[in-house]
Amino acid sequence: MASRRVSGVSSLSRGDGEATTRTEPIVGRERVTGSQAKSRRSLDANTIIANAPDPVFVSDLEGRILQANDAVSELLGFRPDELLEQSFSRLISPEEKREFTAALREVVERGVTRNARLNPRSARGEVIPTTLNASALRGPDGGVIGAIGILRDMRELDKARAYAENLIKNAPDPVFVSDLEGKILQANDAVSEFLGFRPDELLEQSLSRFISPEETREFMAALDEVVERGETRNAVLHPRSASGEVIPTSLNASALRSDGKVIGAIGILRDVRELDRARAYAESLIKNAPDPVFVSDLEGKILQANDAVYALLGFRTDEVVEQSLSRFISPEEKREFTAALREVVERGVTRNARLNPRCASGEVIPTTLNASALRDPYGRVIGAIGILRDMRAYERVVRDLRASQTELQEKILDLEKFEEVVVGRELKMIALEKEVETLREQLERMKAGGQP
């Protein structure tokens, strides 16, 4: 059979005189035959397997190891000659052999990767927890002829998981783990104590069993946000306990990951009954405080105000609530109030400022503002509680005192002048008395001198 090559194409003569053509790859200036290309592909695959950081092996469909990289030997402690041509089932238990065989069968039937949990025994007899990712190894005709297996050492991950489970178990707050459908996979004793259910009444149950349909949607929205954004999410829930009590709680949900993928959520519940009572008490204090008290957000919008505020400013409730405090004060004082809010946020301490809000009648009322931090259940500053003090009476007293001081100073001056006059007269009387005494003495001497 003659052969000729034209521009990288081999033409083979058949017995009937017709020619068949076979395209062959050209690398650089060299033409590469099909067998050479196949050899190079094999070489590339061998290089990838040999230099892979994870333990990688190749097996036939019976599980016999045909190839293994150095990472497999390092993981299991066997020499390459102790692994090659050996069945992988030699390293695992009979139960796991069935798991491995099922993985191979699924790879053959579906042509996709398959994950399995295996615990091979090392050369030293140590049982090593691993995960197996098996994918199809195909022959030239595309048929599956074996599997490429990638092992992952799970010892550190198992230690981390055990540590995390221990943290969850011993956490003082109620903590649970759920899948992405909201099914509870794990819950600590604090959850049972909180809701009054036994562990078997909680595990494998959907959280929706304990909360309302509206809050189920809220919880699922929290889960979606955790999955999409990979960050924590807060929600308010009111689960019903075993006794039928509806318990107000706050939920903090964060992502539960495996191999970097979000597979569920870790939820921390916080009983806010005491907080609600404290909030109700605080609202009562605000409502009944003798001084004008209001609550604002961090932009200065008034969220709540007591009757004393309305009495001070003369506005109705709807004219104050949901309004910015800047509506009632000057631009300069708005900057002062904003600075007070900023200091409250940054330092978490009270701040005093001088404000002169304009009331409904147009009167400008001198006040002092004492602002302190308003915090959420997690300790974050979300606004401010402001206490106003009407300074009109105080300023009247100050004015009266200043007027009295002026009047007193004038009287002192008058007294000083009167004293000056009185003292002057007294001094003149003394001088006159001395002069009279002198004249008397002279007269006496004159009389004495006139005697015979």
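The side chains of Glu322 and Lys301 meet in a salt bridge, with 3.4 Å from N to O; the term stands for a side-chain nitrogen of Lys or Arg within 4 Å of a carboxyl oxygen of Asp or Glu. This pair links distant parts of the chain, 21 residues apart: Glu322 sits in the loop between α10 (307-313) and α11 (331-347), and Lys301 in the loop between β16 and β17 (302-305). Helices (H or I, at least four residues) and strands (E, at least two) are DSSP runs, numbered from the N terminus. Glu322 is partly exposed, with a relative accessible area of 46%, and Lys301, at 31%, is also partly exposed. Here buried means under 20% relative accessible area, exposed over 50%, and partly exposed in between (1.4 Å probe, protein chains only).

The model is a predicted one, in which local features need pLDDT of at least 70 and side-chain atom pairs count only at pLDDT 80 or more, while totals for chains, interfaces and linings use all residues. Residues are numbered from 1 along each chain as its sequence is written, and side-chain values use heavy atoms, with hydrogens and water left out.

Side chains of opposite charge can pair when their charged atoms come close. Across the whole structure, the search finds 20 salt bridges. One of them joins Arg389 to Asp291 at 3.8 Å, N to O. Here too the pair links distant parts of the chain, with Arg389 in strand β20 (residues 381-390) and Asp291 in the loop between α9 (273-288) and β16 (293-297), 98 residues apart. Arg389 is partly exposed at 48% relative accessibility, and Asp291 is partly exposed at 28%. Arg79 forms a salt bridge with Glu82, the closest N and O atoms being 3.4 Å apart. Of this pair, Arg79 has a relative accessibility of 48% and counts as partly exposed, as does Glu82 at 26%.

On a 1 Å grid over the protein atoms alone, a cavity is a set of points where a 1.4 Å probe fits but cannot get out, and lining residues have an atom within 4 Å of a point. Grid points are joined across faces, edges and corners, and a volume is the space filled by probe spheres set on the points. The largest cavity holds about 70 Å³ of space. Its lining is formed by Phe176, Ile184, Val191, Leu195, Leu202, Leu207, Ile211, Leu237, Pro239 and Leu269, which divide into ten nonpolar, no polar and no charged residues. Ala, Val, Leu, Ile, Met, Phe, Trp, Tyr, Cys and Pro count as nonpolar, Asp, Glu, Lys and Arg as charged, and the others, Gly among them, as polar. The second largest cavity has about 50 Å³ of space, and Leu313, Leu325, Phe328, Ile329, Leu355, Pro357 and Leu388 line it. This lining comprises seven nonpolar, no polar and no charged residues.

Val423 belongs to helix α12 (residues 392-449) and is partly exposed, with a relative accessible area of 39%.

Notes
On a 1 Å grid over the protein atoms alone, a cavity is a set of points where a 1.4 Å probe fits but cannot get out, and a pocket is an open set with protein on both sides within 12 Å along at least five of seven lines; lining residues have an atom within 4 Å of a point.
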